[in-house]
Amino acid sequence: MSRLPPLPLPSARGAQPARFLASLAFMVMVVGIGSRHLDFISSATMYAAVIAGLLLGLAALAVVSVTVRDVWREGRRGASSAFGTLLLIIATFSPLIGGVAAYVAYPALDSVSTDTDDPPAAPAGFKQVALPIDLRAAPDDDAALQEDAYPELTTQAVDLSTVEAYALARQTIDDLGWTIRLAEEPDTEAASGRIEAEARSMLLGTQEDVVVRIRPGDGGSRIDVRSLSQVAMPDLGENARHVGDFLARFAEVSRRQAAN
């Protein structure tokens, strides 16, 4: 009497639900962050989407752990599905992973200025959104942390009148694609000027306020730049990037203007 062939092992449990949850989590994360970059939604809505994506990703991770257990211990089918699901979960968590890495790599500041002793004043009515947990450095340590991390971000002395320096600063902001909120042009070559603009973070597309101050200096002008986060949390290096971008582009615009 011939034996019947053994029945094939069933598929691992949870493979399909885990893939669905991981796909949904990734889609919510991408759509939320992409929509913020395109100005379709507010920062608050984007943060809600990110949190929802992370929660869905955690749910997918919990379900796929059952799949992995069945594949590992019982040899059930579904290894390739579980692997694909894990890749989707990692992709969903990538903004969080990048944020944690940046938090470790950069000082926990929410404001960076070329003049740490007398920084340009924040825009009128500026108010940060508070978070339940404050991960920022102590205010007394901000100047020392900035000087250690970003020694190149210092006041720029230029051999230009404040009127000329203001024009170049405004051209610089236009080149960077920032949105100007306030522009106070110097009345005379001995007066001061100020520009307030809004820049965007690369990671989440949230806004940072940037203030450019132009004051008379010895034989020319002194330009200071300050970038402030609108949320009371470590900026993950974004404010320093805005200040550095302005200084580099200002130097380029100045060279271009001199060549003409």
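Predicted model: local features only at pLDDT ≥ 70, side-chain atom pairs only at ≥ 80, totals over all residues.
User: Staying with H3, is Ser 81 buried or exposed?
Analyst: Ser 81, which is also found in helix H3, counts as buried because its relative accessibility is 14%, and the limit for buried is under 20%.

User: What is Ser 81 in contact with?
Analyst: With neighbours within four places in sequence left aside, Ser 81 is in contact with Ala 15 and Arg 19.

User: Now the inside. How many residues are in the largest nonpolar core?
Analyst: The largest nonpolar core has 25 residues, and Val 212, Ile 223 and Phe 246 have the most contacts inside it. At least two residues of this core come from each of these elements: helix H5 (162-176), strand S4 (193-200), strand S5 (207-217), strand S6 (220-229) and helix H6 (238-259). H6 supplies the largest share, 6 residues.

User: What does Ile 223 touch?
Analyst: Not counting residues up to four places away in sequence, Ile 223 touches several residues, including Val 212, Phe 246 and Phe 250. Also among them are Thr 114, Thr 155, Gln 156, Val 158 and Ala 165.

User: Which residues belong to the second core?
Analyst: The second core is separate and has 14 residues, among them Ala 18, Leu 21, Ala 22 and Met 46.

User: How many aromatic pairs are found in the whole structure?
Analyst: The search finds 1 aromatic pair. The ring centres of Phe 246 and Phe 250 are 5.9 Å apart and the ring planes are at 20 degrees, so the pair is stacked. The cut-off matters here because planes under 30 degrees apart count as stacked.

User: How are Phe 246 and Phe 250 placed in helix H6?
Analyst: Phe 246 and Phe 250 are 4 residues apart in helix H6, so about one helical turn separates them.

User: Are these two buried or exposed?
Analyst: Phe 246 is buried, at 1% relative accessibility, and Phe 250 is buried with a relative accessible area of 5%.

How values were computed. Residues numbered from 1 in each chain as written. Heavy atoms only, no water. Core = buried A, V, L, I, M, F, W, Y, C linked by side-chain atoms within 4.5 Å. Buried < 20%, exposed > 50% of the residue type's maximum accessible area, 1.4 Å probe, protein only. Contact = heavy atoms within 4.5 Å. Phe/Tyr/Trp six-rings, centres within 6.5 Å; stacked < 30°, edge-to-face > 60°.
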